[in-house]
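Dear colleague,

Please find the structure below, together with its sequence. My notes on it follow, and I would be grateful if you could read them alongside the model.

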Amino acid sequence: MINILNARKMYTDEVKIGPLNIQIPKAGLTSLIGPNGAGKSTALLMIGRLLNMDEGQIKVANMDVSESKSEDLAKILTILRQENHFVTRLTVRQLAGFGRFPHSKGRLTKADELIISKYIDFLDLTDLENRYLDELSGGQRQRAYVAMVLCQETEYVLLDEPLNNLDVARSVQMMKHLRHVANEFGRTILAVIHDINFAAKYSDRICVMKDGQVAAFGTVDDIMNPKLLTDIFETKIEIIRSPYGPLAIY
């Protein structure tokens with residue numbers, strides 16, 4: 001479980017996130033949605049300890065993220081942020097191998113290599129594994145970064161806009177992959193997703209943020225409410241109940 005208690009980040013008197021109070025259950029896929037500037041990425045970065053809180057406490061699997069040793073936290077929690085600045089003369093396989101560092105300390109074993117191959121194959125990167133990052137499209141690089149995160153094999157996976165740089169077809173494929181990771185590998189995935197319909201189609205739960213606060217949290221049916229979403233996004237949103245699940249129409 002991810003337990004957030006009175007977490008707050010103060011940028012200025014006018015720009016602040018929190019206090020955030022929410023419990024995200026173990027296992028499954030939870031999407032963070034909301035308008036630009038709602039605080040979604042800030043909340044994710046605080047959970048992943050890439051951004052210090054000014055107040056409050058966050059626990060992941062009963063480990064306090066502010067007080068735990070980095071090497072211990074890295075074995076239960078991994079995060080992919082929007083901005084990635086890896087040296088471009090890395091191959092896809094070399095990048096994925098970084099995900100094994102908390103376990104291998106840079107000395108990859110045969111077991112590590114098998115894990116790397118598993119996720120490269122899983123994300124359909126086999127034909128690209130020896131290509132350099134600067135030779136890939138934005139969508140291919142994004143899949144390579146996700147492969148690196150999955151190679152860490154942590155119980156908790158935090159993803160900041162995993163659909164960034166992906167077209168519709170690749171976005172569908174990525175969400176299906178994440179759904180499979182949650183179902184088959186038992187991972188707890190928390191992802192910032194901008195498209196409401198992708199969140200509704202593939203998530204177990206949705207957390208809605210607005211103005212630095214958690215505005216709503218619940219199942220897909222709880223959140224796919226036209227009045228709620230219209231109030232959150234400040235534009236008229238209708239919900240259609242289709243055979244594929246609820247769809248938001250703008």
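A residue is called buried under 20% relative accessible area, exposed over 50%, and partly exposed in between (1.4 Å probe, protein chains only). This is a predicted model, in which local features need pLDDT of at least 70 and side-chain atom pairs count only at pLDDT 80 or more, while totals for chains, interfaces and linings use all residues. Residues are numbered from 1 along each chain as its sequence is written, and side-chain values use heavy atoms, with hydrogens and water left out.

Glutamate 234

With a relative accessible area of 63%, glutamate 234 is exposed. Its place is the loop between helix H10 (226-233) and strand S11 (238-242); helices (H or I, at least four residues) and strands (E, at least two) are DSSP runs, numbered from the N terminus. Leaving aside neighbours within four places in sequence, glutamate 234 is in contact with Lys210 and Leu229 (contact means heavy atoms within 4.5 Å). The side chains of glutamate 234 and lysine 210 are joined by a polar contact of 3.0 Å. A polar contact is a pair of N or O atoms within 3.5 Å; within protein, one must be able to donate a hydrogen and the other to accept it, and residues adjacent in sequence count only if both atoms are side-chain atoms.

Aspartate 64

Aspartate 64, in strand S5 (residues 63-64), is buried yet has no salt bridge (a side-chain nitrogen of Lys or Arg within 4 Å of a carboxyl oxygen of Asp or Glu). The nearest side chain of opposite charge, lysine 59, is 5.9 Å away; Lys and Arg count as positive and Asp and Glu as negative, while His and the chain ends are not counted. What does the side chain of aspartate 64 join in a polar contact of 3.0 Å? The partner is the side chain of glutamine 57.

The protein is divided into domain 1 (1-68 + 155-167 + 188-249) and domain 2 (77-153), with bounds from an automatic or database domain assignment. Between the domains there are 0 salt bridges, but 6 residue pairs are in polar contact (both at pLDDT 80 or more). On the side of domain 1 that touches domain 2, helix H1 (40-47) and strand S7 (156-160) are the elements that give two or more residues. The largest share of that side, 5 residues, comes from S7.

With kind regards
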